[in-house]
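Colleague: I have a structure open on my screen and would like to walk through it with you. Could you help me read it?

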Amino acid sequence: MYKTVKTLLIMLLLSFSLSAQVCAAAAIEINTLIEKSQAFDGQTVTVEGEAIGETMLRGEYAWINISDNTNAIGVWLKASDAQKIASFGDYRHKGDTVKITGIFSRNCTEHGGDVDIHSHSLEIIERGYNKPEEITQVKIQAALVLSFFAFLTAYIYWRRIH
Amino acid sequence: MQCGDTMKNNSMLYSDFLIISYYTGYIVLGTALLMAIPITTALLLQEWNPFLDFVISMSISLIMGFAMIFFGWKTRSNAMRVEWKHGFIIAAISWLVLMLLCSIPYLLSGHVNSFLDACFDVMSGFTTTGLFLTQDLDHISVTLNMWRHLLTFVGGQGMVVLALSFLLKNLGGAYKLYVGEAKDIGLVPNVVGTARVIWKISLIYLIIGTLALWLCGIYIGLAPQSAFFHGLFIFEAAWSTGGFAPNTQNIMYYHSFPYEVISIIIFVLGSLNFGLHYAVWQGNKKELFKNIEMQSFVITSFLLCTFAVVKLAQLGIYTDAVTAFRRVVYNVLSAHTTTGFNNVYALQFAQEWGDFGILMMVIAMLIGGSACSTAGGFKGLRVGIVCKALVADIRKLIAPERAIKVYKYHHIKDCVLDDGTVKNASLIIFCYVVLFTITTALGLFFGYPLAASAFEAASVTGNVGLSIGITTATMPDLLKVQYILAMYLGRLEFISVFALFANIIGGLKNYVQNR
């Protein structure tokens with residue numbers, strides 16, 4: 001009996017500690033952070049999103065911006081952490097998907113009132129990649145035909161004014 | 001007799017069409033040639049999809065422009081004179097035609113949900129508003145970004161000004177076209193010369209401003225090439241008081257105080273009258289202190305910034321000086337100059353600034369910058385004139401009955417404050433207020449709160465570009481159309497658009513009567 005109760009208690013404790021870990025690691029949407037900025041202000045939060053643009057090195061630290069399709073936010077982190085990101089999202093690239101855990105500020109006193117996250121840890125969830133351009137034949141043909149007519153009208157105009 | 005009148009009317013209507021078509025054609029042609037810039041960008045950066053998008057758009061625009069010129073070819077022989085109504089209608093109609101043509105690259109890029117959204121973004125660019133419905137802005141090509149910012153830069157100087165400067169030489173009715181685009185200042189005796197001076201001023205600032213932002217961009221950690229494009233785009237948006245930025249976070253993307261300071265300097269300069277710039281360039285530095293618009297801008301900016309800073313400090317939002325400057329003064333000045341750059345989230349305006357903060361922003365957005373600048377809103381000149389007229393009326397009331405005094409105001413030169421000037425200024429302010437009220441009411445109709453509706457309405461009416469969160473791709477189509485109309489009316493200051501509507505209604509009336 002004593003053993004059964006002990007096992008049950010250990011299982012219960014384990015399940016609680018696991019669920020607590022899940023809560024801490026569960027990513028919050030960036031828009032929710034901004035919407036409920038007062039509640040999250042000064043709290044440790046985890047966000048997950050695509051690194052966009054580029055790293056902006058500022059001495060031993062750096063700024064990156066991440067976007068999770070609900071909104072985008074600036075992350076202040078160690079330059080060494082920022083260098084782990086290989087790909088930033090832009091026209092040609094899908095950026096690395098990163099998980100950031102850090103302190104959220106709705107009015108960061110260190111950064112002139114910025115809404116930002118001071119990162120404690122950065123984890124690469126998924127590597128980004130190059131996005132090849134897909135050009136359709138229809139677009140090429142349309143461009144050729146329309147350019148021909150544009151040159152034709154320009155030629156007629158030139159003939160008329162001379 | 002009646003038949004003779006009808007024929008005469010029809011012939012006049014036809015000749016009106018020819019004149020309008022001819023000059024609008026040239027304005028379309030000017031914009032088509034402008035597409036050579038994104039095409040070159042695409043070639044240099046090897047962005048082939050955008051390259052084809054712009055080749056298609058440029059070809060369609062060239063064909064359309066030449067077709068309109070051919071249609072109105074008789075105008076070339078100077079047989080037909082450009083009248084005031086033509087100037088107004090050409091300005092109004094060319095902005096609509098250009099909105100449709102310039103939307104094509106947006107649509108082909110696949111970054112807009114509909115043609116209406118593309119038109120919204122183009123009108124927002126042309127009118128230097130800065131609101132956008134383009135999706136996934138962080139992944140659009142540099143070429144499309146070049147186009148977005150180019151539109152707002154050219155829109156700030158005026159599409160007609162562009163055509164007058166480079167395409168329409170020795171034009172008879174040039175001044176009428178120029179005034180049609182809500183610019184009525186003569187910097188030099190010749191209107192084409194004035195248009196060129198406007199461009200010269202803008203291009204000189206373009207070089208200085210881009211260089212400053214480029215160097216600052218490198219300093220804050222951007223790669224040199226990227227810093228150049230960011231610098232160019234932010235300059236174009238700041239100088240034209242446009243408010244577009246290459247990333248969704250707008251100015252928040254840079255996390256930099258120096259970058260914000262440089263952008264403030266540029267957008268404040270951009271919101272000043274071209275006449276004032278020219279006077280200062282000619283060595284008349286006293287104009288900076290004497291000009292009624294400068295006085296009006298300094299007073300209203302100081303009051304609005306002070307009230308907003310005090311209230312937000314009282315609410316415990318921004319309590320220290322640096323934060324108050326960066327988050328409050330920056331945004332109030334951005335609203336007042338009708339730029340629309342923001343370094344706080346739209347949601348923050350709604351949730352943190354409170355009703356008083358929003359009211360300050362609405363007032364700032366409605367007043368706007370200077371007349372004959374790139375800014376929107378009532379304009380400081382009109383606010384100054386109406387305030388001076390009010391003071392003059394009070395003085396007249398308390399002065400002895402026999403005393404006759406002429407009241408004056410200083411705008412480039414000393415001008416008499418007559419009833420006509422006061423009436424014109426009051427009428428335009430009245431039109432803005434009516435447009436603002438209708439736009440706010442429509443927002444309320446669709447279920448948005450009053451403060452949010454008023455904020456967004458002031459932003460579109462004053463061509464500002466700040467958003468409190470209403471402007472999204474999912475907002476009702478009717479509201480998008482109303483916002484497009486508000487941006488268009490606000491930028492052309494009503495008269496040209498009214499002239500266009502009056503002529504359309506008149507033409508329809510004639511048509512019905514003739515039948």
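Modeller: Happy to! A residue counts as buried when its relative accessible area is under 20%. Please keep in mind that this is a predicted model.

Colleague: Thanks! How many of the residues of strand β3 in chain A are buried?

Modeller: Strand β3(A) covers residues 72-78 and is largely enclosed by the rest of the structure.

Colleague: Which residue in β3(A) stands opposite A62(A)?

Modeller: Strand β2(A), residues 61-67, runs antiparallel to β3(A), and 7 bridges join the two. They form a hairpin with 4 residues between them, and N69(A) in the turn has a positive phi of about 75°. Opposite A62(A) you will find L77(A).

Colleague: And which residue in β6(A) is the bridge partner of V75(A)?

Modeller: Here the pairing is parallel: 3 bridges join β3(A) to strand β6(A), residues 114-126. The partner of V75(A) in that strand is I117(A).

Colleague: How far apart in space are F104(A) and L77(A), C-alpha to C-alpha?

Modeller: F104(A) sits in strand β5(A), residues 97-108. Its relative accessible area is 0%, so F104(A) is buried. Leaving out residues up to four places away in sequence, F104(A) touches, among others, L33(A), F40(A), I73(A) and I117(A). F104(A) and L77(A) are 27 residues apart in sequence, and their C-alpha distance in space is 12 Å.

Colleague: Let's move to chain B. Are α7(B) and α11(B) roughly parallel or roughly antiparallel?

Modeller: Helix α7(B), residues 142-157, packs against helix α11(B), residues 224-239, at an angle of about 30°, with the axes 8 Å apart. An angle under 35 degrees is the cut-off that matters here. That makes the two helices roughly parallel.

Colleague: What is the handedness of the crossing of α7(B) and α11(B)?

Modeller: Residues of α7(B) including M146(B), L150(B) and F153(B) are part of the set that meets a group in α11(B), including F229(B), L232(B) and W239(B). The crossing of these helices is left-handed.

Technical notes. Residues are numbered from 1 along each chain as its sequence is written. Chains are lettered from A and ligands numbered from 1 in the order in which they are written. This is a predicted model: local features need pLDDT of at least 70, side-chain atom pairs count only at pLDDT 80 or more; totals for chains, interfaces and linings use all residues. Side-chain values use heavy atoms; hydrogens and water are left out. Buried means under 20% relative accessible area, exposed over 50%, partly exposed in between (1.4 Å probe, protein chains only). Two strands pair if DSSP finds at least two bridges between them. Contact means heavy atoms within 4.5 Å. Axes are lines fitted to C-alpha atoms, for helices over the stretch in contact, and angles run from 0 to 180 degrees between N-to-C directions. Angles under 35 degrees count as roughly parallel, over 145 as roughly antiparallel, 65 to 115 as roughly perpendicular and the rest as oblique. A crossing is left-handed if the near helix is turned anticlockwise from the far one by less than a right angle, and right-handed if clockwise.
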